[in-house]
Amino acid sequence: MAPPPPQPTPGLAARERFQLAISQLQQGDSIHAAVELKAYLAEVPNSMPAKTMLAQIETPLDVLYPADSFTVQLGRDETLSSLSGVYLGDVLGFYGLARYNNIENPSRVVAGQNVKIPRTPQTLAAHTHTTTSQKP
């Protein structure tokens, strides 16, 4: 007999549910995060951040990002969220970036780790800006 499908956490306010989903994704628990995001969207149907996060879970990688990429090295005090903010324009894009890099637990990246960034006009522009701003 299959286990019952996960259910949303009872008794949470919408904001708490959204924060829980983010926390679950940071730990790599996309199954429970998706359940919480769907419950959140039932309460706040026009939430673009929630829709974007759910898309990072459900969209096939080849549709989410192009196969072509460039690599950056994670700096000290950088996270997938901070890289996502710089290159993708959205700190909540960390889970898609984790999937793109086969990182099961986005909260466990370390300084010096190489991270693939999908090659798009937006990410290339950010890459050009960050490499030129780092020159002495």
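**Note on the predicted protein chain**

1. From the N terminus on, the elements of the protein chain follow the order α-α-α-α-β-α-α-β-α, giving seven helices and two strands. Helices (H or I, at least four residues) and strands (E, at least two) are DSSP runs, numbered from the N terminus.

2. This is a predicted model, in which local features need pLDDT of at least 70, side-chain atom pairs count only at pLDDT 80 or more, and totals for chains, interfaces and linings use all residues. Residues are numbered from 1 along each chain as its sequence is written, and side-chain values use heavy atoms, with hydrogens and water left out.

3. The C-alpha trace spans about 55 × 35 × 30 Å along its principal axes. Of the 136 residues, 40% count as buried (under 20% relative accessible area, 1.4 Å probe, protein chains only).

4. Leaving aside neighbours within four places in sequence, Met-53 is in contact (heavy atoms within 4.5 Å) with Phe-18, Ile-22, Leu-25, Leu-37, Leu-92 and Phe-94.

5. Across the protein chain, 65% of the contacts with a separation of 6 or more join residues 24 or more positions apart.

Technical notes: Buried means under 20% relative accessible area, exposed over 50%, partly exposed in between (1.4 Å probe, protein chains only).
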